[in-house]
Each structure stands twice: as C-alpha cells, then as structure tokens.
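Please read the following explanation with the model open beside it.

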Amino acid sequence: MNRPEIVLMLARADNGVIGREGKLPWHLPADLRRFKMLTQGRPMVMGRKTFESLPGLLDGRRHIVLTRDRDWQEEGAEVVHDVEAAIRVANAPVIAVIGGADIFHLFADRADRVEVTQIHADAIGDVVMPPFDPAIWEEVAREDHGADAGRPAYSFVTLRRRP
C-alpha cells in the first residue's frame, strides 16, 4: 500500500485547550456531526485515555489504540505500541488521528492535513495543544459559525502541510 494520508482531527479553543478531565470542555453538536462525517469508514488512531473517554465504540470506525501499557486491552480496541504499528494495522488510504495531545505530537511530523474545529472561546481545561505553525501549515478551507444557544462561535478549518 502507498503511504496513507494522515489527518489530525481535533477541536481546540482559542487558548489552546483541547480537554478537561478526560472530556471535551464544550458541547457542539455540529462539531460531533462533522467528526462523524470525517471519520466514518476510516480507522481512527487514539491514545488510551481518548479511547476511554468515548461514550462507547463508534459505529463504522476502527479503534486503534496506541499505548505504552503492554498489558492494556479492551474489547473493540486494536492495540498497538508505536506509530509505525498504528499505520501498519490501519492499512488504509486515510488514517484519522483523534487524540490526545501526546498522540498528536507523535504523528505531527507525518501528518498531511489537520481538520480542526476552532472554538472561539478561552476554555478551562487541563490538556493544551499549541497553535499550528503557519510556516508548516497552510489554511485551505474555513467555515465560520456564530455563537448560538449559549454555545461559543466556532470555525471548521482545514490545514494542509506546505510543500
């Protein structure tokens, strides 16, 4: 198989927060719908904490869990222990890397695209991702949405690695 396209998928507040106590610090139904659309039928690579934060197995998607814990296993999880194994096990033209921050960091040099929901708020949280360097990443698409029903404004942004 040729080299797969590796896509980092995340929601990130303006202050960099991506998580709080193992969960998302916001509830945006549109973001969840977009996540489902972008991951449906694709293998998802995630860390153990991200897997454990899911409400259950997500239909129509493989759950590849990258963990250092050699004894960890869970029904529905395909367990791997390094990036190369995750890519090999995924064996797909597109691989969605869905978190957390340590997993994003491990895949950063191999990622081709980033699909980020930029939450226009300063969220309170305990997991932070730095901004994507514009010298490396070029914004190729943006869809802005205003605040609604007590939820913050947000933007769906697609970044591509610069050649």
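Does F104 count as buried or exposed? The relative accessibility of F104 is 3%, so F104 counts as buried, where buried means under 20% relative accessible area, exposed over 50% and partly exposed in between, with a 1.4 Å probe and protein chains only. Before going further, note that this is a predicted model, in which local features need pLDDT of at least 70 and side-chain atom pairs count only at pLDDT 80 or more, whereas totals for chains, interfaces and linings use all residues. Residues are numbered from 1 along each chain as its sequence is written, and side-chain values use heavy atoms, with hydrogens and water left out.

F104 lies in helix α4, residues 101–107; helices (H or I, at least four residues) and strands (E, at least two) are DSSP runs, numbered from the N terminus. If neighbours within four places in sequence are set aside, the residues in contact with F104 are L8, M9, L10, I18, V97, I98, G99 and M129, contact meaning heavy atoms within 4.5 Å. One of these residues, L10, is 94 residues away from F104 along the chain, and the two C-alpha atoms are separated by 9.2 Å. G99, which is also in contact with F104, is joined to G100 by a cis peptide bond with omega of about 0 degrees, and G100 itself is placed in the loop between β6 (94–99) and α4.

From this residue one can turn to the chain as a whole. The protein chain contains 4 helices and 10 strands, and along the sequence these follow the pattern β-β-α-β-α-β-β-α-β-α-β-β-β-β. Its radius of gyration is 15 Å, close to the 15 Å that the globule rule gives for 163 residues, so the chain is as compact as a globular protein of that length; the radius is taken over C-alpha atoms, and the rule is 2.2 Å times the number of residues to the power 0.38. Along the principal axes, the C-alpha atoms fill a box of roughly 40 × 35 × 25 Å. Of the 163 residues, 45% are buried, and among contacts with a separation of 6 or more, 63% are between residues 24 or more positions apart.

The accessible surface of the protein chain comes to about 9200 Å², and carbon and sulfur atoms hold 49% of that area, as computed by the Shrake-Rupley method with a 1.4 Å probe, where for residues only the protein chains shown count as cover. There are 22 positive and 25 negative side chains, with the centres of the two sets 2 Å apart; here Lys and Arg count as positive and Asp and Glu as negative, while His and the chain ends are not counted, and each charge is placed at NZ of Lys, CZ of Arg, CG of Asp or CD of Glu.

How many aromatic pairs does the structure hold? There are 3 aromatic pairs, a pair being rings of Phe, Tyr and Trp (its six-membered ring) with centres within 6.5 Å, and with planes under 30 degrees apart counted as stacked, over 60 as edge-to-face and the rest as tilted. One of them joins F51 and W72 in an edge-to-face arrangement, with 5.6 Å from centre to centre and 85 degrees between the planes. This pair links distant parts of the chain, since F51 belongs to helix α2 (residues 48–53) and W72 to the loop between β4 (62–66) and β5 (77–80), 21 residues apart. F51 counts as buried at 9% relative accessibility, and W72 likewise counts as buried at 12%. In another pair, the ring centres of F132 and W137 are 6.2 Å apart and the planes stand at 80 degrees, so this pair is edge-to-face; W137 is buried, with a relative accessible area of 7%.

W72 is also among the residues that V79 touches, together with V65, T67 and Q73, when residues up to four places away in sequence are not counted. V79 is placed in strand β5 and counts as partly exposed at 29% relative accessibility.

Most residues other than glycine have a negative phi, and most peptide bonds are trans. E21, in the loop between β2 and α1, has a positive phi near 50 degrees and is exposed at 65% relative accessible area. N91, in the loop between α3 (83–90) and β6, has a positive phi of about 45 degrees and is exposed at 52%.
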